[in-house]
Amino acid sequence: MALWRAYQRALAVHPWKVQVLTAGSLMGLGDIISQQLVERRGLQEHQTGRTLTMVSLGCGFVDYPDALVTNYYLWPAVQLANFYLVPLHYRLAVVQCVAVIWNSYLSWKAHRL
């Protein structure tokens with residue numbers, strides 16, 4: 001709970017920076033899930049460069065939640081709930097949390113041999 005409150009405070013003070021870091025972190029988490037849970041690489045075989053690439057993509061291509069890029073690449077039901085139930089400044093975090101599953105799939109699909 002304290003971590004959530006700290007996130008809320010940081011988001012209120014530095015919304016753009018926090019959203020960029022949230023997107024990058026969750027893209028990286030998606031790759032870690034892909035490598036460790038889907039591909040079962042183990043820590044010795046984990047490709048750190050691949051994870052950092054995903055983090056960079058997440059940080060570099062993040063957009064505010066009311067913009068076209070962020071809003072139309074996920075499932076319509078998620079977006080519908082996101083727009084009607086979630087305050088504006090939390091929308092990117094919600095989308096990115098749902099997208100962890102999608103990012104895991106994309107990472108696995110893009111890097112499978």
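Okay, let's start with Tyr 105, which is partly exposed, at a relative accessible area of 36%. Keep in mind that what we're looking at is a predicted model.

So who does Tyr 105 pair up with? With the rings counted as pairs when their centres lie within 6.5 Å, we get 4 aromatic pairs here. In one of them, the ring centres of Tyr 105 and Trp 108 sit 6.0 Å apart with the planes at 45°, so we call that pair tilted. Both residues belong to helix α6, which runs over residues 91-111, and being 3 residues apart there puts about one helical turn between them. Trp 108 is partly exposed too, with 26% relative accessibility.

Elsewhere, ring pairs join Trp 4, Tyr 7 and Tyr 90 into a cluster.

Along with Trp 75, Trp 102 and Leu 106, Tyr 105 makes a nonpolar surface patch of about 370 Å². Leu 106 is also in helix α6, and its relative accessible area is 36%, so that's partly exposed.

Now over to helix α3, residues 48-60. From first C-alpha to last, its 13 residues reach 18 Å, close to the 18 Å you'd expect at 1.5 Å a residue. Which residues of α3 are buried? Those are Arg 50, Thr 51, Met 54 and Gly 58. They cover an arc of only 100° around the axis, so they end up on the same side of α3.

Terms used. Residues numbered from 1 in each chain as written. Predicted model: local features only at pLDDT ≥ 70, side-chain atom pairs only at ≥ 80, totals over all residues. Heavy atoms only, no water. Phe/Tyr/Trp six-rings, centres within 6.5 Å; stacked < 30°, edge-to-face > 60°. Helix = DSSP H or I, 4+ residues; strand = E, 2+ residues; numbered from the N terminus. Buried < 20%, exposed > 50% of the residue type's maximum accessible area, 1.4 Å probe, protein only. Patch = residues over 30% accessible without salt bridge, like charges linked within 9 Å, V, L, I, M, F, W, Y side chains within 5 Å. Areas by Shrake-Rupley, 256 points an atom, 1.4 Å probe, with all protein chains shown as cover. Salt bridge = Lys/Arg side-chain N within 4 Å of Asp/Glu carboxyl O. Expected span 1.5 Å × (residues − 1). Arc of directions from axis to C-beta.
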